[in-house]
Amino acid sequence: GRVVVNGKAAEPGSKVLPSDRITIDGKPCYTARAPDMTPRVIAVHKPADVVCTRRDPEQRPTIFDLLPSGVRRWIMVGRLDLTTSGVVLFTDDGELAHRLMHPSFHVPRHYAVRVLGDVDAAQLAAMRKGVEVDGEVLKFDALTPRGGAGVNQWYECELHTGRNREVRRLWEQAGLVVSRLIPIRFGPIGLPRNVPAGRWFEVTGDALGELYALVGLEPPPAPPPRREPRATKRRE
C-alpha cells in the first residue's frame, strides 16, 4: 500500500509506463535519467486555454504537447489555470523539481496582475501582512504598483508558497477583480519578450547555475560543445 500508481495502490506484478504517476509514501517517484544524459531545464510560455496535464479527457490541448520530443521524462514544476498564460518550468531532474516546488525552499514566483477596481493603501498593506482566506492565511512577500489606465491597474506580486489560485484568491477577498494574470518569473528564470506563447526555450549558463544554487544543489556540468558538420567542397 505504500506504492501508488495513478492514484491506485500497486500490487505485486503491476506494470507501469514512463508516463504513469508513481508515489512512494505519498512522495513522487521520478523516472531516472540515463547516466550519460545531462539534466535539462526548459521554460515554456504557456498559452491561455491549454491545460497543465499530460492527458485531458476532454481532448483539449495540453502543455505537454508543446515540449520537445525525445526520450526524456519531463517533470512540470507547478501548474497554471486553464485561462492563465505565462512561464512554466520543466526539467528531467527529479530532485531539482521537488525542491523548486517545496515551499520550504522559498523559491520566489513573480506575477503581473491587472486589477479592475480601486485599491487603497489599507488593502495593499493587508495583503502584504496576511489575510485569512478559506481557512488559510495568505499573503504576498512583495506587492509593487506598476501603473495603469483608469480603473485597470497593474501590480507585480511576489510569493513563494504556490498554493492553488493563491494570487486570485488574495485579490478577490478584497472585493477586486483580476482581469489579467501573467506569471512572469519563477526564481531567476523570467519570460523573454521574444518568446511567444506556445514556444519554449532552454535554461543554460548562469541562469541554470543560479536556479540550482537557489535550492542548494550543485549545477550539472555543461554539455560538451556540439561539433558542426564540415562543409563539403564541391568539385568544379
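Let me begin with arginine 165 and aspartate 81, whose side chains meet in a salt bridge at 4.0 Å, N to O. By salt bridge I mean a side-chain nitrogen of Lys or Arg within 4 Å of a carboxyl oxygen of Asp or Glu. Arginine 165 sits in the loop between strand 12 (152–159) and helix 3 (166–173), and aspartate 81 in the loop between strand 6 and strand 7, so this pair ties together parts that are 84 residues apart in sequence. Helices (H or I, at least four residues) and strands (E, at least two) are DSSP runs, numbered from the N terminus.

Before going on, what kind of model is this? This is a predicted model, in which local features need pLDDT of at least 70 and side-chain atom pairs count only at pLDDT 80 or more, while totals for chains, interfaces and linings use all residues. Residues are numbered from 1 along each chain as its sequence is written, and side-chain values use heavy atoms, with hydrogens and water left out.

Back to that pair. Are its two residues buried, exposed or in between? Arginine 165 has 33% relative accessibility and counts as partly exposed; aspartate 81, at 27%, also counts as partly exposed. The cut-offs are under 20% relative accessible area for buried and over 50% for exposed, with partly exposed in between, using a 1.4 Å probe and protein chains only.

The structure holds 13 salt bridges. Another one joins arginine 40 and glutamate 202, at 2.7 Å, N to O. Arginine 40 is partly exposed because its relative accessibility is 21%, and glutamate 202 is partly exposed with 31%.

Glutamate 136 is partly exposed, at 30% relative accessible area, whereas arginine 169 is buried, at 12%. Both residues belong to a network of salt bridges that links Asp134, Glu136, Arg163, Glu166 and Arg169.

Now the overall picture. The protein has four helices and 15 strands. Of its 236 residues, 36% are buried. Among contacts (heavy atoms within 4.5 Å) with a separation of 6 or more, 62% are between residues 24 or more positions apart.

Next, a sheet. In what order do its four strands run? The order is 6-7-5-15, the sheet is open, and the pairing is antiparallel. Two strands pair if DSSP finds at least two bridges between them. Strand 6 (75–77) and strand 15 (200–202) are the edge strands, each pairing on one side only. From one strand to the next, the twist averages 30°. Inside the sheet, strand 5 (residues 41–46) and strand 7 (residues 86–91) are joined by six bridges, and valine 44 has valine 88 in strand 7 as its bridge partner. Helix 1 (residues 94–101) lies across strands 5, 6 and 7, at about 20° to strand 6. For such angles, axes are lines fitted to C-alpha atoms, for helices over the stretch in contact, and the range is 0 to 180 degrees between N-to-C directions.

Isoleucine 22 lies in strand 3 (residues 22–24), and with 19% relative accessibility it counts as buried. Leaving out residues up to four places away in sequence, isoleucine 22 touches Val3, Val4, Val5, Val16, Lys27, Pro28 and Cys29. Its C-alpha atom is separated by 6.4 Å from that of asparagine 6, 16 residues apart along the chain.

Asparagine 6 is in the loop between strand 1 (3–5) and strand 2 (8–9), and at 46% relative accessibility it counts as partly exposed. What is the phi of asparagine 6? It is near 55°, a positive value in a residue other than glycine. Most residues other than glycine have a negative phi. Aspartate 49, in the loop between strand 5 and strand 6, also has a positive phi, near 65°.

That is where I will stop.
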